[in-house]
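Welcome! Take a moment to turn the model around on your screen before reading on.

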Amino acid sequence: STTGSDSISRSTTERRRPFTGSRLEKQTAAIHLIFAEFWSRQLGVPYSVAASGTAPLSYQWRKNGSAISGATSATYSITAASVADAGSYDVVVTSSCGAVVSNVAILTVNTAPAITTQPDSQTVRAGQTVTFTSTASGTPPPSVQWEVKSGSGPFTSIPGATSTTLLFTATLANDGNKYRAVFTNSCGTAQSRTVKLTVKP
């Protein structure tokens with residue numbers, strides 16, 4: 001499968017909350033979280049935070065609300081991101097005057113299509129209904145296009161055949177045709193196995 005090489009970067013808005021403490025009741029901390037959505041296997045997914053407040057400041061990064069072991073600096077990186085890394089990330093910044101939680105960054109890990117259901121060859125009589133089905137996983141969800149190959153010619157797209165099930169009435173002209181489904185998203189393409197249709201009079 002192929003993976004994309006681009007990333008989509010977004011900057012979140014600043015969030016300010018007052019610290020509570022005996023020394024600086026009005027002390028505030030400003031946190032800016034910059035995050036990106038990367039394709040699967042993109043190297044070095046970086047999350048960084050800039051915070052102001054009474055030094056020293058400590059950091060604890062979290063995924064889906066749970067602390068990430070060892071993630072205690074202003075920058076948190078994921079090397080070779082996988083599907084398991086997808087989720088919601090934030091960071092808790094603490095000083096002697098209190099703590100503040102950043103806004104949440106959502107990491108979506110995109111993956112190329114992978115066939116999950118293969119179609120099967122069929123033998124039918126002319127006039128009967130033919131049903132081929134194929135499905136695929138992937139993020140974002142892949143689109144599908146069914147293709148047909150007649151005789152020694154190339155595979156060509158079947159107009160309007162863009163659902164996971166290909167349904168049509170068999171004719172003798174369809175005998176020997178071969179079919180396949182092609183799934184595509186922004187990360188790549190996957191083809192189902194090729195199946196044959198046999199049509200009897």
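Here is a short tour, from the whole protein down to a few side chains.

Keep in mind that this is a predicted model. The protein is built with 20 strands and zero helices. It has 201 residues, and 37% of them count as buried. Its accessible surface comes to about 10700 Å², with 51% of that belonging to carbon and sulfur atoms. Now look at the contacts between residues at least 6 apart in sequence: 59% of them join residues at least 24 apart.

Next, find Asn177. This residue sits in the loop between β17 (165-169) and β18 (178-185). Is Asn177 buried or exposed? Its relative accessible area is 7%, and buried means under 20%, so Asn177 is buried.

What is Asn177 in contact with, leaving aside its neighbours within four places in sequence? The list is Val148, Lys149 and Ser150, together with Val195, Lys196 and Leu197. With Ser150 there is also a polar contact, made from side chain to side chain at 3.4 Å.

The structure holds five aromatic pairs, and one aromatic cluster is formed by Phe132, Trp146, Phe168 and Tyr179. Elsewhere on your tour, look for Arg180, which lies over the face of Phe155.

| Residues | What is described | Distance |
|---|---|---|
| Asn177 and Ser150 | polar contact between side chains | 3.4 Å |
| Arg180 and Phe155 | Arg180 to the ring centre of Phe155 | 3.9 Å |

Technical notes: Residues are numbered from 1 along each chain as its sequence is written. This is a predicted model: local features need pLDDT of at least 70, side-chain atom pairs count only at pLDDT 80 or more; totals for chains, interfaces and linings use all residues. Side-chain values use heavy atoms; hydrogens and water are left out. Helices (H or I, at least four residues) and strands (E, at least two) are DSSP runs, numbered from the N terminus. Buried means under 20% relative accessible area, exposed over 50%, partly exposed in between (1.4 Å probe, protein chains only). A polar contact is a pair of N or O atoms within 3.5 Å; within protein, one must be able to donate a hydrogen and the other to accept it, and residues adjacent in sequence count only if both atoms are side-chain atoms. Contact means heavy atoms within 4.5 Å. Rings of Phe, Tyr and Trp (its six-membered ring) pair if their centres lie within 6.5 Å; planes under 30 degrees apart count as stacked, over 60 as edge-to-face and the rest as tilted. A charge sits over a ring if NZ of Lys or CZ of Arg is within 6 Å of the ring centre and within 35 degrees of the ring normal. Accessible areas come from the Shrake-Rupley method with a 1.4 Å probe; for residues, only the protein chains shown count as cover.
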